[in-house]
Amino acid sequence: MFFNFKRLKTGAVVVLAVLSLPVSGQDLLARQAPIDKKMRAIDSVALQRLVGDEQLENPAFGLYPDWNNQYAHRYDVELPEEYKIDLRHFCMPTPSTRITSNYGYRASFRRQHKGLDIKVYIGDTIRSAFSGKVRIVDYERRGYGNYIVIRHPNGLETIYGHLSKHLVKENQIVKAGEPIGLGGNTGRSTGSHLHFETRFLGQAINPAEMFDFVAQDVTGDYYIFRSNKGKSELAKNETNVRPKPTARPRSKVHRVKSGENLSVIASKCGTTVAKLCKLNGITRTTVLRPGQILKYS
């Protein structure tokens, strides 16, 4: 074994130099150690802040194919088999706890309702659910009315519909809880409310699976989105549309001509006066008007 006497000698000199320092010099070195540690911590915080700023400037850039302001939720992408969505650092979009329409099939419209309707009044403040970047600020007369779409670093996009006023602009960075609009009754809406959607790569997710509006909290720190062969399992709620009821046969009708009475019409249509009265909610003494429509079956 060979020793590097030169290196050993140099090391010994350094050790002797430290030992020969006056007490005040040694104290200075001791005090410097936690300062260096603190500076490293500060550097780490600054780095995290830079990463956070970059994530807000280009939210979820690894997931979405592009950044456009044309479509609210149309993406031609293959869904990941599983994705963990961070729900921490959230803010409820409204303090209202009253849900007026749930996510799912609407029998009255025979279509899917892909969000939650929360009761708000015109002028109520609507806030961003998470920090992110505003992708769309627009108006849709037969749909969302005044609406906003925000993309978030956690992979979600949130949609806020039927607003009376926008408070943000496209490509603006917003923080969780920042006011983005005012409640309203614009677009296809019956009564003032907030239409709130949560989507992942265009796929609608029931907001109630992530947000508990009654408790004003999220359902957990994380939400696991799973897909099956490129199609979201959660989308079953969306695609499992109730079968449309068998179409009822259309009622046969007769347009009343001048001079006709119930007896004449019953004879022409092969029915009875009693049935005509029952089907049309009239009596035998009801005066008929030319052009009036009567059901006869």
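This report describes the aromatic ring pairs and the charges over rings in a predicted model.

Local features require pLDDT of at least 70 and side-chain atom pairs count only at pLDDT 80 or more, while totals for chains, interfaces and linings use all residues. Residues are numbered from 1 along each chain as its sequence is written, and side-chain values use heavy atoms, with hydrogens and water left out.

The structure contains 10 aromatic pairs. Rings of Phe, Tyr and Trp (its six-membered ring) pair if their centres lie within 6.5 Å; planes under 30 degrees apart count as stacked, over 60 as edge-to-face and the rest as tilted. Two of the pairs are tabulated below.

| Ring pair | Centre distance | Plane angle | Class |
|---|---|---|---|
| Tyr144 and Tyr147 | 4.9 Å | 40 degrees | tilted |
| Phe196 and Phe213 | 6.0 Å | 75 degrees | edge-to-face |

Tyr144 is buried, with 9% relative accessibility, and Tyr147 is buried at 4%; buried means under 20% relative accessible area, exposed over 50% and partly exposed in between (1.4 Å probe, protein chains only).

Phe196 and Phe213 are both buried as well. Their pair links distant parts of the chain, 17 residues apart: Phe196 belongs to strand β13 (residues 193-200), whereas Phe213 lies in the loop between β15 (211-212) and β16 (217-218). Strands are DSSP runs of E with at least two residues, numbered from the N terminus. Phe196 and Phe213 also belong to a cluster linked by ring pairs, together with Phe90, Phe130, Tyr160 and Phe211.

A charge sits over a ring if NZ of Lys or CZ of Arg is within 6 Å of the ring centre and within 35 degrees of the ring normal. Lys84 lies over the face of Tyr222, 4.1 Å from the ring centre, and the charged end of Lys133 sits over the ring of Trp67, at 5.1 Å from its centre.

How values were computed: Helices (H or I, at least four residues) and strands (E, at least two) are DSSP runs, numbered from the N terminus.
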